[in-house]
Amino acid sequence: MFGLFLPLLGEGWGREGLDCSHGQGVGGIPLALKNCCQTFEDLVVPPGVAALCEAGLTTGQDVFERRWSWAEGTGPATVSVSVSPSGEIVEGSLVTLTCYSLSYLTVNYAWFRGTTLIGTSQSYWIYSITDKDSGEYMCKATNARGDTNATLTLSVSYSPKRVMVTRPPGEIFEGRSLTLTCSCEANPPVVSYTWFKRSGTADSQIWTGQNYTIEHISTEDSYKYKCRASNRLGSAFSESMPLDILYSPKRVMVTRPPGEIFEGRSLTLTCSCDANPPVESYTWFKRSGTADSQIWTGQSYTIEHISTEDSYKYKCKASNRLGSAFSESMPLDILYGPKRVEVFSRPSGGILEGHSVTLTCSSDANPPVENYTWFKKSEKEDLQISTGKSYTIKHISITDNYKYKCRASNRHRSVFSEYTRLDILYSPKRVEVSSRPFGGILEGGSVTLTCSSEANPPVKSYTWFKSSGKEDSQIWTGQSYTIEHISIEDIYKYKCKASNQHGSAFSEYTPHGILYSPKNTSVTVTLTCKAHANPPVMDYTWYKEGESEPVAYGQTYSIASITKEDIAPFYCKTDNRIGYDYARPVPVTCIGKAQVAAAGIGGFCGGLATAVLFTILWIR
């Protein structure tokens, strides 16, 4: 290589014009020598003798010619360098560099890389050569008369190394394009580039070529990317390059601690999202109707003593320097015991007596009410009467006119409604007449009769009647009836009629005691019939002596305003289921001035006094 020679092995050295025999060069390369003289490393040229050698080196088709001449007292005439192995130098091989020179004086050798001395032997060995050993090497041959040097450039072949992925400087924004470039050092050059992305723990091949471009890059492209460079000597991978893709907040969501939300406790809502760069601010909103109102700033929002009034839909807004995004609205399912427990009736309003009514218990509760219980208020306590959301009373009457309430219960607590009284509609009842003044009424005075009753709705009209013989005659309308200057001619039985839209009812007849001085004095005789019997007497019958038809029935017989026609003996008949008996007749007579006598007790016929005769009759 490079026309370098070892000293030729053969005959001695010749002079100019002398043909030399062929010698053998380095590695058995044939040398064609012409007009040559064989020399040795320590050849001493006699003083005044000039040696001229001309040689040709044949390697293949190329012929290199060199001429050397020595003059007495000069340094090495020529220096050459050889390398072993002589072919391609592959990284990792043992490489030997050898320096040769022509000199008649002793030669010292030195090896340099640049200006750095690296060896002082004729040969320089590089063990396990690397690409860093590529470059120019210089051998300096020195004898006592001077120095000469020669250089050699080594080219080391190696598989790719220092493979790396690069991208344009600056930030990577979502939606834009990005080109990744694979670069490395290799000799011979890289013949293929292959791209991979890491998903989890596995790499997947995605592209071939020195450049890999991602159009409209997004967070879904946030993998680690690496490339593989290959030449005929091998392959090498780059380090993985993560992509720091910048984007505004996305996947914004509101979270809360797991489990149920109980009224009265605290609740913290947290806003989370995916954003790069990180979120700079969080803003909270609640929805009331169709409008959102801002309520807080910060990543978390805490509601102390939560109640049903906090049952809104909540959402948050996350913002960074690239933009903002909202979460979905989160409704709060707040659990609480029954509240606003109320009783409703159907039909509403007044309920006509005799009809049906259904009471319904309603409440607000979460979870919903599990059971309803019905109560009615008695004088001293509440009585449980039914269970279920509704309670029906059929054929309602005023006896059902209690106060009713219900109790609503879920697994958190029980709550009672207020009492509800039913508005039962009915026609007047318990119609009564009262008088003022109370008791006896002095003739000539006045008396006011008042009609009262129970009715719902209240009585609309009152009508007054008096009993005159066999028929009633209407005398007045209004709740009260006043008789001025009362006299015995007003001694009737009075009654009133109370009416509303559902019906009417009458009072009982009410007689009135009018106080007045004696008038129309007369005598009344009362006869009483008594008997001992077992079983007791069942029937008493009165007879007038001489007549077959009874004059009266009952244990007593009264004769009012006795006249002469009534003067006669009277007797009674008693009966039970065993038999009957007659009493002895008792005579009733008038003595003198219309005096009446019966068994010795007297009075005056038509007089002012009244005499009563008791006659005891015995069943014999």
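Reader: Is Cys184 buried, partly exposed or exposed, and how should I read that class?

Author: With a 1.4 Å probe and protein chains only, a residue is buried under 20% relative accessible area, exposed over 50%, and partly exposed in between. Cys184 has 22% relative accessibility, so Cys184 counts as partly exposed. Please keep in mind that this is a predicted model, in which local features need pLDDT of at least 70 and side-chain atom pairs count only at pLDDT 80 or more, whereas totals for chains, interfaces and linings use all residues. Residues are numbered from 1 along each chain as its sequence is written, and side-chain values use heavy atoms, with hydrogens and water left out.

Reader: How many disulfides does a search of the whole structure find?

Author: A disulfide is a covalent bond between the sulfur atoms of two cysteines, and the criterion here is a pair of cysteine sulfur atoms within 2.5 Å. The search of the whole structure finds six disulfides. One of them joins Cys99 to Cys139, with an S to S distance of 1.9 Å; the torsion about this S-S bond is about -100 degrees, so the disulfide is left-handed. Cys99 sits in strand E6 and Cys139 in strand E10, 40 residues apart, where strands (E, at least two residues) are DSSP runs numbered from the N terminus, as are helices (H or I, at least four). Cys99 is buried at 0% relative accessible area, and Cys139 is likewise buried at 0%.

Reader: Which handedness does the disulfide of Cys361 and Cys406 have, left-handed or right-handed?

Author: For Cys361 and Cys406 the torsion about the S-S bond is about 60 degrees, so this disulfide is right-handed. Cys361 belongs to strand E32 (residues 357-366) and Cys406 to strand E36 (residues 403-409), so the pair ties together parts that are 45 residues apart in sequence.

Reader: Returning to E10, which strands pair with E10, and in what sense?

Author: Two strands pair if DSSP finds at least two bridges between them. Strand E7 (residues 108-113) pairs with E10 (residues 135-143) in the antiparallel sense over five bridges, and Asn108 stands opposite Thr142 in E10. Nine bridges join E10 to strand E11 (residues 146-154), again antiparallel, and these two strands form a hairpin with two residues between them.
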